[in-house]
Amino acid sequence: MKKSDLIIYECKKEKTCLFGTSYRKMFIAFDGIDGAGKSTIYKKIAHELEKNYSVQVFDMGCLGFLDDIIEGIKKGKYLCSAEIRECIYYFEGCLFSDLIVGKYLKDKYKHILIDRYLLSFLSYGPLNGVSIDKVSLLTSKMKWPDYYFYVDVQPEIALNRIKNKRNIVKPEIGYKNELETNEKENHAKFISHQTLVRKNFKQAIQFVGKKVYSINNDGDNDYALYEIRKVLGRELRC
């Protein structure tokens with residue numbers, strides 16, 4: 001994937017939208033376990049924002065800087081420990097923060113939205129042998145968002161969303177994407193793994209000691225969207 005492929009869309013308009021009008025650029029991140037509804041929510045918020053602003057949207061899971069190496073590790077082409085692979089992810093995150101976020105933050109009229117960011121590193125890292133303190137140290141140069149939303153959902157609900165919306169019956173499990181032949185076993189592993197990830201997210205939010213908005217998304221996305229609009233509306237209203 002080329003760097004140019006990272007940009008999902010860019011739009012500049014000057015119309016009134018539900019957020020009112022404001023010209024202070026914002027860096028907004030969305031995080032949560034697999035199947036939490038992050039992608040659906042952040043794309044809808046982006047489309048609403050772009051009615052009045054210049055918007056840049058990114059998916060942290062599709063950065064592309066080190067894809068060949070990471071995929072090679074997953075497939076066994078390159079042999080290394082889970083800790084090493086995690087460190088490669090952190091390096092990729094730091095590159096993104098410096099080369100991509102830093103670039104667009106210089107444009108005072110552009111809002112940046114991202115699907116997954118630093119809290120994911122702090123939450124998944126400890127499950128792969130890297131302590132939260134070490135993750136925090138290795139990612140300390142990453143820029144903190146102006147608004148960080150943690151989309152919270154029960155793992156059982158997340159699993160059903162993945163099966164229904166992504167049309168797959170075997171969700172990605174664990175470090176090497178190893179799947180059992182038994183579908184029920186895979187589902188049980190997913191719930192077990194994401195239960196730990198969810199717990200780590202909540203611990204990570206306390207650990208960083210910075211403002212993170214926790215948004216419940218156990219139901220449909222309308223409630224979560226409403227709560228996010230309320231938060232951003234206070235900032236983006238004349």
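The model is predicted, with local features requiring pLDDT of at least 70 and side-chain atom pairs counting only at pLDDT 80 or more, while totals for chains, interfaces and linings use all residues. Residues are numbered from 1 along each chain as its sequence is written, and side-chain values use heavy atoms, with hydrogens and water left out.

**Overall fold**

The protein chain has 8 helices and 6 strands, where helices (H or I, at least four residues) and strands (E, at least two) are DSSP runs numbered from the N terminus. From the N terminus on, the order of these elements is β-β-α-β-α-α-β-α-α-β-α-α-β-α. Of the 238 residues in the protein chain, 49% are buried, a term that means under 20% relative accessible area, with exposed meaning over 50% and partly exposed in between (1.4 Å probe, protein chains only). Among contacts (heavy atoms within 4.5 Å) between residues at least 6 apart in sequence, 83% join residues at least 24 apart.

**Helices α2 and α3**

Helix α2 (residues 67–74) packs with helix α3 (residues 82–105) at an angle of about 160°, their axes being 11 Å apart; axes are lines fitted to C-alpha atoms, for helices over the stretch in contact, and angles run from 0 to 180 degrees between N-to-C directions. The two helices are therefore roughly antiparallel to each other, a class that covers angles over 145 degrees. On the α2 side the contact is made by Asp67, Ile69, Ile70, Ile73 and Lys74, and on the α3 side by Arg85, Ile88, Tyr89 and Glu92.

**Asp31**

Asp31 is found in strand β2 (residues 27–31) and counts as buried at 0% relative accessibility. Leaving aside neighbours within four places in sequence, the residues in contact with Asp31 include Lys38, Arg116, Leu118, Ser120, Phe149 and Phe201.

| Atoms paired with the Asp31 side chain | Distance |
|---|---|
| Tyr148, side chain (polar contact) | 2.6 Å |

Note on methods. Angles under 35 degrees count as roughly parallel, over 145 as roughly antiparallel, 65 to 115 as roughly perpendicular and the rest as oblique. A polar contact is a pair of N or O atoms within 3.5 Å; within protein, one must be able to donate a hydrogen and the other to accept it, and residues adjacent in sequence count only if both atoms are side-chain atoms.
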